[in-house]
Amino acid sequence: MAATCVKHVNVSGVASKEIRDVLRSMPVTTLQGSYYSAPVTKAEFLAAELLGK
């Protein structure tokens, strides 16, 4: 339903490959969660962005 109302659908809280696989079959724009990366501090995030990682 959300995909029919807005252009982008972000899903947070993806914790496993199984959940990721199910969500990939849906009209989801982006996925985020511990499956992709452990939480990072603002400083770690900015440092990674500046280094292009």
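Val9 is buried, with a relative accessible area of 17%; buried means under 20% relative accessible area, exposed over 50% and partly exposed in between, with a 1.4 Å probe and protein chains only. Val9 sits in the loop between helix 1 and strand 1 (10–12). The model is a predicted one, in which local features need pLDDT of at least 70, side-chain atom pairs count only at pLDDT 80 or more, and totals for chains, interfaces and linings use all residues. Residues are numbered from 1 along each chain as its sequence is written, and side-chain values use heavy atoms, with hydrogens and water left out.

**Overall build**

- The protein has 3 helices and 2 strands; helices (H or I, at least four residues) and strands (E, at least two) are DSSP runs, numbered from the N terminus.
- Along the sequence, these elements follow the pattern α-β-α-β-α.
- Of the 53 residues in the protein, 9% are buried.
- Among contacts with a separation of 6 or more, 3% are accounted for by residues 24 or more positions apart, where contact means heavy atoms within 4.5 Å.
- Val9 and Pro27 are 18 residues apart along the chain, and their C-alpha atoms are separated by 7.5 Å.

**Confidence**

- The average pLDDT of the protein is 89, and 87% of the residues score at least 70; pLDDT is the predictor's confidence in each residue, from 0 to 100.
- Confidence is lowest in helix 1 (residues 2–5), with a mean of 62, and highest in helix 2, at 97.

- The structure holds 2 salt bridges, a salt bridge being a side-chain nitrogen of Lys or Arg within 4 Å of a carboxyl oxygen of Asp or Glu.
- Side chains of opposite charge can pair when their charged atoms come close.
- Asp21 belongs to helix 2 (residues 17–24).
- Lys17 forms a salt bridge with Asp21, and the closest N and O atoms are 2.9 Å apart.
- Both Lys17 and Asp21 lie in helix 2, 4 residues apart, which is about one turn of the helix.
- Lys17 counts as partly exposed because its relative accessibility is 41%.
- Asp21 is likewise partly exposed, with a relative accessible area of 33%.
- Arg20 also forms a salt bridge with Asp21, the closest N and O atoms being 2.7 Å apart.
- Through salt bridges that share partners, Lys17, Arg20 and Asp21 are joined into one network.
- The side chains of Asp21 and Arg20 also make a polar contact at 2.7 Å; a polar contact is a pair of N or O atoms within 3.5 Å, and within protein one must be able to donate a hydrogen and the other to accept it, while residues adjacent in sequence count only if both atoms are side-chain atoms.
- Arg20 is buried because its relative accessible area is 12%.

**Surface**

- The accessible surface of the protein comes to about 4,500 Å², and 63% of it belongs to carbon and sulfur atoms; accessible areas come from the Shrake-Rupley method with a 1.4 Å probe, and for residues only the protein chains shown count as cover.
- Val40, Phe45 and Leu46 form a nonpolar patch on the surface, with about 270 Å² of accessible area together.
- Patches are made of residues with over 30% relative accessible area and no salt bridge, with like charges joined within 9 Å and nonpolar side chains (Val, Leu, Ile, Met, Phe, Trp, Tyr) within 5 Å.
- Val40 is partly exposed, with a relative accessible area of 48%.
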